[in-house]
Amino acid sequence: MNYKKIKMPPIVAYSLKGKFLVFILRLLYSCISLFWGINWQKPLKNFEESPAFFAWKDILYLGYKYYFRPPFVFPSATIQYFKNQNVEINSPSDFKEKTRLTISAGGDLMPYEWIQKQYTQNLWDEVGDFFFSADIVFANLETPIYLKKSASLVPEVMLSDMLFNANAEMFEIFSGNGQYKGYDILSTANNHSLDMGEEGVIATIEFLEQQKIAFVGTARSPEERQNPPIIEKNGIKIAFLAYTFSLNQFLLEENKKYLANMIRLNIENPDLEEIKRDVLNVKHRDADLVVLSLHIGNAYQAFPSEHIISTFHRVFEECGVDIILGSHPHNPQPMEIYEFSCPFKQEKKKGFAIYSLADFVAYDIFVWDRLVPLLKLHISKGELNGKPHTQLSEIEVLPVFNCGIFKSHTKKEMRFLDLEKLINSMEKHKFPSFLEKKHRKEAQYLYQFAQKIGLKKRILGEKA
């Protein structure tokens with residue numbers, strides 16, 4: 001695509017009030033940049049990004065990244081590492097596949113003010129079949145669903161901390177507007193898990209059970225915490241585990257640690273023993289493959305920070321998981337294939353990770369957040385050298401443009417659009433009638449960002 005380089009501010013508000021507030025905030029942060037702007041060109045080293053442990057300068061830094069300028073100077077080794085990533089899957093020549101399943105993976109489901117029926121009627125039209133057609137459909141539910149309390153609608157410009165909560169209508173939108181099968185399993189471990197307290201954790205679990213959806217990452221008892229779900233489809237058993245780096249301002253009491261799987265993952269060299277124990281647990285329960293959801297990392301960055309990359313690699317090497325699905329940074333971050341030696345069997349393995357699946361069903365004014373990566377992972381089971389063998393055999397990647405069409409506060413619409421299909425149509429001067437010039441510019445900008453982090457529409461693996 002030979003578009004001229006598109007430049008946009010990091011955030012684009014849509015209402016007059018929002019634009020005014022953003023203008024004031026950017027003016028404020030332009031003054032702050034005189035003091036710390038040079039240092040903040042790079043991601044802060046070992047930034048934990050957890051409100052429970054924030055200093056005042058940490059709050060300023062997070063706002064600076066969001067409202068004024070995301071870090072744009074990364075170590076050359078980091079950029080080169082991801083640039084050189086060959087995210088290809090090659091089965092051993094003597095592997096004999098007997099059965100296969102697919103897992104769709106999406107990012108964070110969040111209760112933004114756009115997530116209402118009247119604004120999302122056509123949300124899934126272009127990508128719903130792709131995403132919900134998998135044998136197992138997964139995402140991160142980044143909000144409690146406590147029906148006894150009102151839903152929290154994240155506003156256009158959030159100027160203070162707020163406690164998330166969704167309702168049944170929002171969940172139906174998250175799940176495909178009743179047009180598709182919905183989710184098979186959701187992670188409930190994230191920094192908003194405790195927003196409605198212990199009652200909210202329990203209410204969310206009960207809601208998901210009523211929907212016949214498995215959950216992982218929160219629990220009602222120590223016994224439930226020790227029994228993470230293993231989903232069997234087509235003769236393949238997939239174990240799911242989930243952890244979060246933070247519970248925002250909340251900290252769990254010692255006798256309530258089971259409520260949410262929280263490890264301080266955003267510090268340098270975190271303790272991974274709990275993850276390793278849980279992996280051993282599901283392997284003893286005959287799981288063929290382990291998928292780990294990690295709510296981890298630093299927001300509003302094109303690439304993960306060095307300490308986060310190190311932690312991902314340690315999780316593979318020390319815990320022996322097969323797939324890591326990262327979330328929390330809001331915008332997408334790169335994928336990788338990482339070769340390591342299994343700590344249990346001492347055999348060479350290749351793990352797959354995506355550092356951030358980004359915001360999914362949400363709508364933020366931070367522009368990068370509107371690039372949504374959808375993955376479909378193909379898992380094969382068969383025999384290798386006469387022994388049972390299960391592996392990731394193919395990856396489908398679909399970059400999606402979360403397009404927000406704003407006429408007024410009562411007339412707006414959110415649509416998921418196949419980004420590369422849209423770009424190709426625009427090259428031929430063909431595009432949907434609802435797509436205004438500003439949307440076309442945004443699509444081009446997000447396409448450029450996707451290229452930067454290696455997020456391309458493709459199939460990686462045996463059928464590529």
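Author: This is a predicted model. In it, the sulfur of Cys342 has its closest cysteine sulfur in Cys319, at 11 Å, which is too far for a bond.

Reader: How many disulfides does the structure hold?
Author: Zero disulfides are found in the structure.

Reader: Is Cys342 buried or exposed?
Author: Cys342 is buried, because its relative accessible area is 4% and the cut-off for buried is under 20%.

Reader: And Cys31, where does that fall?
Author: Cys31 has 44% relative accessibility, so it counts as partly exposed.

Reader: Switching to packing. How many residues are in the largest nonpolar core?
Author: The largest nonpolar core has 151 residues. Tyr183, Phe352, Phe360 and Val361 are those with the most contacts inside it.

Reader: Which strand gives the largest share of this core?
Author: Strand E12, residues 387-408, gives the largest share, with nine residues.

Reader: Take Val361. What is it in contact with, leaving aside neighbours within four places in sequence?
Author: With those neighbours left aside, Val361 is in contact with Asp108, Leu109, Met110, Ile115, Leu123 and Trp124, and also with Ile173, Phe174, Met414 and Phe416.

Reader: Where does Phe23 lie?
Author: Phe23 lies in helix H1, residues 16-36. Phe23 counts as exposed because its relative accessible area is 51%, and exposed means over 50%.

Reader: On to charges. How many salt bridges does a search of the whole structure find?
Author: The search finds 22 salt bridges.

Reader: Why would such side chains pair at all?
Author: Opposite charges on side chains can pair when the charged atoms come close.

Reader: Give me one. What does Asp184 form a salt bridge with?
Author: Asp184 pairs with Lys181, and the closest N and O atoms are 2.8 Å apart. Asp184 is buried, with a relative accessible area of 18%, whereas Lys181 is partly exposed, with a relative accessible area of 44%.

Reader: What about Glu442, which residue is its salt-bridge partner?
Author: The partner of Glu442 is Arg370, with 3.0 Å between the closest N and O atoms. This pair links distant parts of the chain, the two residues being 72 residues apart. Glu442 is in helix H11 (residues 437-452), and Arg370 is in the loop between strand E10 (348-356) and strand E11 (371-384).

Reader: Are Glu442 and Arg370 buried or exposed?
Author: Glu442 and Arg370 are both buried.

Reader: And Arg415, what does that bridge to?
Author: Arg415 forms a salt bridge with Glu413, where the closest N and O atoms are 3.0 Å apart. Arg415 counts as buried at 17% relative accessibility, and Glu413 counts as buried at 18%.

Reader: Which residues do salt bridges with shared partners join into one network?
Author: Glu97, Arg100 and Glu394 are joined into one network that way.

Reader: Last one, Asp278. Where does it lie, and is it buried or exposed?
Author: Asp278 lies in helix H8, residues 273-284. Asp278 is buried, with a relative accessible area of 4%.

Reader: Which residues is Asp278 in contact with, apart from neighbours within four places in sequence?
Author: Apart from those neighbours, Asp278 is in contact with Arg225, Gln226, Leu241 and Tyr243.

How values were computed
Residues are numbered from 1 along each chain as its sequence is written. This is a predicted model: local features need pLDDT of at least 70, side-chain atom pairs count only at pLDDT 80 or more; totals for chains, interfaces and linings use all residues. Side-chain values use heavy atoms; hydrogens and water are left out. A nonpolar core is a set of buried Ala, Val, Leu, Ile, Met, Phe, Trp, Tyr and Cys residues joined through side-chain atoms within 4.5 Å. Buried means under 20% relative accessible area, exposed over 50%, partly exposed in between (1.4 Å probe, protein chains only). Helices (H or I, at least four residues) and strands (E, at least two) are DSSP runs, numbered from the N terminus. Contact means heavy atoms within 4.5 Å. A disulfide is a pair of cysteine sulfur atoms within 2.5 Å. A salt bridge is a side-chain nitrogen of Lys or Arg within 4 Å of a carboxyl oxygen of Asp or Glu.
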